[in-house]
Amino acid sequence: MSVKERAYVLSQDMCAEGIFSLVLRVSFAGQVCPGQFVSLFTDDKSRLLPRPISVCGADADEGSIRLVYRVAGFGTEYFSRLQAEDAIEVMGPLGNGFPLELAEGKRVLLVGGGIGIPPMLSCAEALAYTAHEPVSVTCAAGYRSSDTYLLEELEAVSEVIVATDDGSLGTHGTVIDAVRENGVAADIIFACGPKPMLRAVKAFAAERGIPCFVSLEERMACGVGACLGCVAKTERPDPHSLVKNARVCADGPVFDAKEVDLT
Amino acid sequence: MSSEPRMEVEIAGVRFRNPVMTASGTFGSGMEYGRFIDLREIGAVTAKGVAIVPWEGNPAPRVAETASGMLNCIGLQNPGVETFLERDLPFLRESGTRVIVNVCGHEPDEYYGVVERLNGVPGIDMLEINVSCPNVKAGGLTLGTDPKMLEEITAGCRKRASQPVMIKLSPNVTDIRVMARACEAGGADAISLINTLMGMKIDTERQTFVLSNRTGGLSGPAIKPVAVRMVYEASRAVSIPVVGMGGIACAEDAVEFMLAGATAVAVGMANFVNPYVTIEIVEGIRNYLIRHHIDDVRELIGAVH
């Protein structure tokens, strides 16, 4: 059950250049699953649409969620100026989340690229703390440079391999280069990141015959499935309109990689 | 004034609990926002446009934020009338709200096909004929900007429908009064306006169009003054009821449209900003009436004329 409410900021820190970690007190923290997102609103009445931001973590006891995001425009710049005790309009939880139940007892490969890393941390933590059968989790994290974020937290709950665009840390190249270089074996893959990365992950999974789930990003308006503003091309008729255009916000953002056209 | 103000309005014999409806295309078939609000508490749900067969719409990106508004080029993606009847209508009937079904097509025969399918179906209180979508190549806007065509398609829908027929008009015309009169001449029971204003947004960094379709329909508070003016002009040009819409975000906006001549109003983009907004507008209109010692919301209709 999603709600829209005014939430208080508990804290905000800068994790790396242009990357911020925002903790909000919300009523729905206990309902959030890894891979879901929330809509954040600015108080600027000329910028009305919500900004979808993936959830990096939720603390049901504290009643809080953590959002880690990159400043990329007006909205995220506005959010980055928020301080403890400020208030902000938030709607959530939204979207479907990763099917973590499929990872029980498996070797899981999490692939996060850039600002796709935060939801991978929430997956890694959920798998480490709540899986019924033992899982082994490897996280391939792709950064622009050695100015990393969330790396120690990932290392606390998973095996981590790193790729950087500039080669300043880990493998010089893509996350898939790092996965190949380290000979990572996996039974299931969960991924979030830019589309070219997801395309490469999908191809890698197809080549190895590994089930793979990807979290997509698209320009959104309502965020709840009503406006059909954010769609992803699908291989089969989508559940809403039966036309191979699934709603990223409501039918996703997580899709079986085989089911979505990432070209 | 002793009691609660009367909020009920009537259009073509259909009584609505209050004058606040949803604007087609912004509210799905009610299911998504039915998780946030009790749909019985609003005047009506106007469902997303349905065509005779499923339509896939335009490629992404389909939406863009603009100053106090947004552009969209969804292109009327919809599952078609059969799925609407099997899946969406039962939900809407169950919800207990009034149901207006928006009808779209590429050519008159496609509209007529949908109207004939909806004709007499229990639980559909009114049809809204969408001759004003700017995002489809054939049909939509091209039918709604020629008065002769508009009168013909109005008459064609009217004679095929047991329910009242409302025609949704485009603001992308030189004189809205001509279009309103054409609808009335064709036998329309009501008109609704405005649909979106055709617009464009260009990404200056990438030097390319933001929307896949290059152009899109502008909605939101940015278009409200245009919509109020057109509702005023249209409602003075015809004697059939007008449902006003275009950038309504609060109760005062809704009252403004009614003063301009609207019998009821529809809320569109504001739902994306606040999923509870329709309910808040109903409550706000009630408070406005109390504050102004008005005991019947219908006293607002065209009060500035």
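Strands S5 and S6 (residues 64-70) of chain A run antiparallel and are joined by three bridges. One residue pair to look for here is A:Asp59 with its bridge partner A:Ser64 in S6(A). Do keep in mind that this is a predicted model.

- Seven strands of chain A make up an open sheet with antiparallel pairing, and their order is S4-S3-S7-S1-S2-S6-S5.
- The edge positions belong to strand S4 (51-54) and strand S5 (57-59) of chain A; each has a single partner strand, so one side of each lacks a neighbour in the sheet.
- From one strand to the next, the twist averages 35°.

**Helix H5(A): length and end**
- H5 covers residues 195-208 of chain A, which is 14 residues.
- Its span from first C-alpha to last is 20 Å, close to the 20 Å expected at 1.5 Å a residue.
- Just after H5(A) comes A:Gly209, with a positive phi of about 65°.

- The buried residues in H5(A) are A:Met197, A:Leu198, A:Val201, A:Phe204 and A:Ala205.
- Viewed down the axis of H5(A), these buried residues fall within an arc of 120°, so they line one face of the helix.
- On the face of H5(A) turned away from the buried side sit the exposed residues A:Pro196 and A:Ala206.
- Packing partners for the buried residues of H5(A) are strand S8 (107-113), helix H4 (175-181), strand S12 (188-192) and strand S13 (212-215) of chain A.

Conventions:
Residues are numbered from 1 along each chain as its sequence is written. Chains are lettered from A and ligands numbered from 1 in the order in which they are written. This is a predicted model: local features need pLDDT of at least 70, side-chain atom pairs count only at pLDDT 80 or more; totals for chains, interfaces and linings use all residues. Side-chain values use heavy atoms; hydrogens and water are left out. Helices (H or I, at least four residues) and strands (E, at least two) are DSSP runs, numbered from the N terminus. The expected span of a helix is 1.5 Å times one less than its number of residues. Buried means under 20% relative accessible area, exposed over 50%, partly exposed in between (1.4 Å probe, protein chains only). The arc is that of the directions from the helix axis to the C-beta atoms. Contact means heavy atoms within 4.5 Å. Two strands pair if DSSP finds at least two bridges between them. Axes are lines fitted to C-alpha atoms, for helices over the stretch in contact, and angles run from 0 to 180 degrees between N-to-C directions.
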